[in-house]
Structure formats: C-alpha cells, structure tokens
Amino acid sequence: MDYGYIAYLLILIGIILIAVEIVTPGFFIAIPGTIAIIYGFVILLFPWILETWWGPWILLLLVFPIGYITYTIYRRLSPPASPVTESYEGLIGKTGIVVETVKPDSLEGKVKIGSDIWSATSDRVIPKGEKVIVVNVEGVHLIVKPIDKETKSFSKKQ
C-alpha cells in the first residue's frame with residue numbers, strides 16, 4: 001500500500017492549520033498542525049511504520065510529548081502579552097462624555113471614557129452630552145469638571 005498520499009495529506013493539513021493560526025492567532029491549532037507535518041514526514045521517510053501493528057500505537061503515544069514540545073517552542077516564540085492594568089488614578093486628566101447628568105454629591109451621573117462607563121460626580125451640574133475631564137478619583141468614582149477654558153488650562157499643567 002502506498003502511504004505517500006496519507007503523508008502528503010497530513011503535511012497539507014498541517015500547513016493549512018498553521019496558516020489559519022497565523023491569520024487568526026490564539027486557537028492553538030498550530031500545535032496539531034505541527035504534529036501533522038511531523039507525522040507526514042515520518043510516514044514519508046519510514047512508510048513501513050504503518051504496516052506494523054505497533055507503528056500506529058507509537059505514533060499515537062508520541063502525540064503528547066511532541067505536542068508538549070511544540071507548545072513550549074511556540075510559547076517561547078510568542079510570549080503572552082502582559083495584562084493591561086490601569087489604576088483609577090491613571091484616569092485623572094482623561095476626557096470623556098457625560099452619558100447621564102452629573103450632579104454634585106450624587107453618584108448617579110455617568111461618564112463614558114473610552115469604551116468604559118464610570119459613575120461620576122462634580123461640584124456642579126453637568127448635562128448629558130457635555131465633554132468632561134477627570135480631575136480626581138474617590139474609590140471607583142470619578143470627580144469630573146466640564147471642559148472649558150479653566151479645565152483646559154488645568155489639563156495642560158498636569
């Protein structure tokens with residue numbers, strides 16, 4: 001029996017899986033793709049291995065160590081990105097838009113900064129839709145001021 005077709009098919013599947021991983025990283029399909037390529041070359045070099053009763057079992061048992069080694073190599077090639085951490089104090093000086101009216105001594109007001117919505121308060125009423133700047137943080141609540149000449153000069157000093 002000619003096992004060349006199986007070998008070439010495994011190599012082709014492996015290349016496709018790795019290409020898909022390159023285009024859409026994060027699925028870990030490069031590992032089975034690499035294993036398929038290795039098995040394809042092993043079958044090309046040693047086609048008699050599939051004719052023995054123990055050959056397929058050896059290939060099956062080698063999946064785990066080869067997979068682990070491949071995982072380790074890929075992990076070293078692309079280390080995970082460090083998690084994004086931002087303290088609340090990092091919001092001071094950022095600008096946003098009021099999505100619910102901000103009132104003094106009330107945390108019912110909401111401000112959108114980037115894609116996040118925060119509860120906010122101010123020393124004056126700021127209507128919905130107005131642009132604001134974060135001047136301080138108390139716990140997880142923002143203290144904001146409307147952007148005007150006064151706060152623009154404040155943000156430039158920061």
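Five strands close into a barrel, running in the order S1-S2-S3-S5-S4 with mixed pairing. Neighbouring strands of this sheet are turned by 55° against each other on average, leaving direction aside. All of this comes from a predicted model. Strands of a sheet pair through backbone hydrogen bonds, in either a parallel or an antiparallel sense. Take S1 and S2: S1 covers residues 95-100, S2 covers residues 109-113, and the two pair in the antiparallel sense over three bridges. As for Ile97, its bridge partner in S2 is Lys112.

Now to the helices, starting with H1 and H2. Helix H1 spans residues 4-23, and its axis comes within 7 Å of that of H2, with a crossing at roughly 155°. Angles over 145 degrees count as roughly antiparallel, so that is how H1 and H2 lie to each other. The crossing of this pair is left-handed. On the H1 side, the contacts are made by Gly4, Ile6, Ala7, Tyr8, Leu10, Ile11, Gly14, Ile15, Leu17, Ile18 and Glu21. Facing them in H2 are Ala30, Pro32, Gly33, Thr34, Ala36, Ile37, Tyr39, Gly40, Phe41, Ile43 and Leu44.

H2 (residues 30-45) also packs against H3 (residues 55-77), here at an angle of about 125° and with the axes 9 Å apart. H2 and H3 are therefore oblique to each other, and their crossing is right-handed. From H2, the residues that meet H3 are Ala30, Ile31, Thr34, Ile35, Ile38, Tyr39 and Val42. Their counterparts in H3 are Leu59, Leu60, Leu62, Val63, Ile66, Gly67, Thr70, Tyr71 and Tyr74.

Side chains of opposite charge can pair when their charged atoms come close. The structure holds one salt bridge, and it joins the side chains of Arg124 and Asp123, at 3.4 Å from N to O. Arg124, at 30% relative accessibility, counts as partly exposed.

Key: Residues are numbered from 1 along each chain as its sequence is written. This is a predicted model: local features need pLDDT of at least 70, side-chain atom pairs count only at pLDDT 80 or more; totals for chains, interfaces and linings use all residues. Side-chain values use heavy atoms; hydrogens and water are left out. A salt bridge is a side-chain nitrogen of Lys or Arg within 4 Å of a carboxyl oxygen of Asp or Glu. Buried means under 20% relative accessible area, exposed over 50%, partly exposed in between (1.4 Å probe, protein chains only). Two strands pair if DSSP finds at least two bridges between them. Helices (H or I, at least four residues) and strands (E, at least two) are DSSP runs, numbered from the N terminus. Axes are lines fitted to C-alpha atoms, for helices over the stretch in contact, and angles run from 0 to 180 degrees between N-to-C directions. Angles under 35 degrees count as roughly parallel, over 145 as roughly antiparallel, 65 to 115 as roughly perpendicular and the rest as oblique. A crossing is left-handed if the near helix is turned anticlockwise from the far one by less than a right angle, and right-handed if clockwise. Contact means heavy atoms within 4.5 Å.
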